[in-house]
Amino acid sequence: LAKGTAAQVLKMNTAANAPEWGNLSSDCVKVASWDFSSAAASVTLSNVFSNDYDVYKIHFFGMHCAANEQFRWRLLDSSGNAHGNYDSVAQYSYSDEGSSENHSYSDNWNMSYARPIFENCGQNNERSLATDATLYNPYKTSQKRWFVQNSIIRSSNGYTYGYAASGSNNDEANNYTQLQFNYHSGGNITGGHCRVYGMKN
């Protein structure tokens, strides 16, 4: 064979009788990423969601803010418009390095954003947020956009919180292509990373 092109791999053809160059197939594909470079009030990732995938994994980590505020995210359509509201229920536990601990639950309805955790992020990596979210059918219409989130934070109050939250975006008429995230009261994002992966059926 002649040389393949960049990023191609050697594989067998569909008849299984000859090698050929082709693109590597994966059931998990990174479709978007973001890394902090300068302070921003909000970040919008365009062309994230499409009809190619029904399930997406979203990872936020090292997220912190110029002020002590709650982190949040939402979905936008291709024109940058937000639709619908977000409902969620959560079970969480918290501790102050073992000297005090407890657990509780919360429910929140008709919100304009999804919030992985209802505690304030601090102003440095020691007081940052990490969240793994699974999002279902952001591009589809005629169905809810369910999501499941697991989060950990060393909050601005010095307690460590672990949240398990589930919820939905209740707009069923529009398809979403963009992901936006910021802080509740408009404080600048001063650190963090985001990765979004599409999962094949």
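Predicted model: local features only at pLDDT ≥ 70, side-chain atom pairs only at ≥ 80, totals over all residues.
1. Tyrosine 53 is buried, at a relative accessible area of 11%. Setting aside neighbours within four places in sequence, tyrosine 53 contacts Val29, Val31, Gly198, Met199 and Lys200. Tyrosine 197 is 144 residues from tyrosine 53 in sequence, yet the two C-alpha atoms are 9.4 Å apart.

2. Next, the core. The largest nonpolar core has 39 residues, and Leu179 and Phe181 touch the most other members. Strand E5 gives the most to this core, with 5 residues.

3. Leucine 10 belongs to strand E1 (residues 8-12). With 53% relative accessibility, leucine 10 counts as exposed, because the threshold is over 50%.

4. Cysteines. How many disulfides are there? The count is 0. A pair of sulfur atoms would have to lie within 2.5 Å. For cysteine 28, the closest cysteine sulfur is that of cysteine 194, 14 Å away, so the distance is too far for a bond. Cysteine 121 is in no disulfide either; its nearest cysteine sulfur belongs to cysteine 65, at 7.3 Å. Is cysteine 121 buried or exposed? It counts as buried, with 0% relative accessibility. Cysteine 28 counts as partly exposed, at 35%.

5. Salt bridges. The whole structure holds 4 of them. One joins arginine 195 to aspartate 35, with the closest N and O atoms 3.0 Å apart. Arginine 195 is in strand E13 (residues 189-199) and aspartate 35 in strand E3 (residues 28-35), so this pair links distant parts of the chain, 160 residues apart. Arginine 195 is buried, at 19% relative accessible area. Aspartate 35 is partly exposed, at 37%.

6. Another salt bridge brings together the side chains of lysine 140 and aspartate 54, at 3.4 Å from N to O. Which parts of the chain does this pair tie together? Lysine 140 lies in the loop between strand E9 (129-136) and strand E10 (145-154), and aspartate 54 in the loop between E4 and E5. The two are 86 residues apart in sequence. Lysine 140 counts as partly exposed, at 23% relative accessibility, whereas aspartate 54 is buried, at 19%.

7. The cut-off for a salt bridge is within 4 Å. Arginine 145 is in strand E10. Aspartate 171 is in the loop between strand E11 (160-169) and strand E12 (178-183). The pair links distant parts of the chain, 26 residues apart. Both arginine 145 and aspartate 171 are buried.

Conventions. Residues numbered from 1 in each chain as written. Heavy atoms only, no water. Buried < 20%, exposed > 50% of the residue type's maximum accessible area, 1.4 Å probe, protein only. Contact = heavy atoms within 4.5 Å. Core = buried A, V, L, I, M, F, W, Y, C linked by side-chain atoms within 4.5 Å. Helix = DSSP H or I, 4+ residues; strand = E, 2+ residues; numbered from the N terminus.
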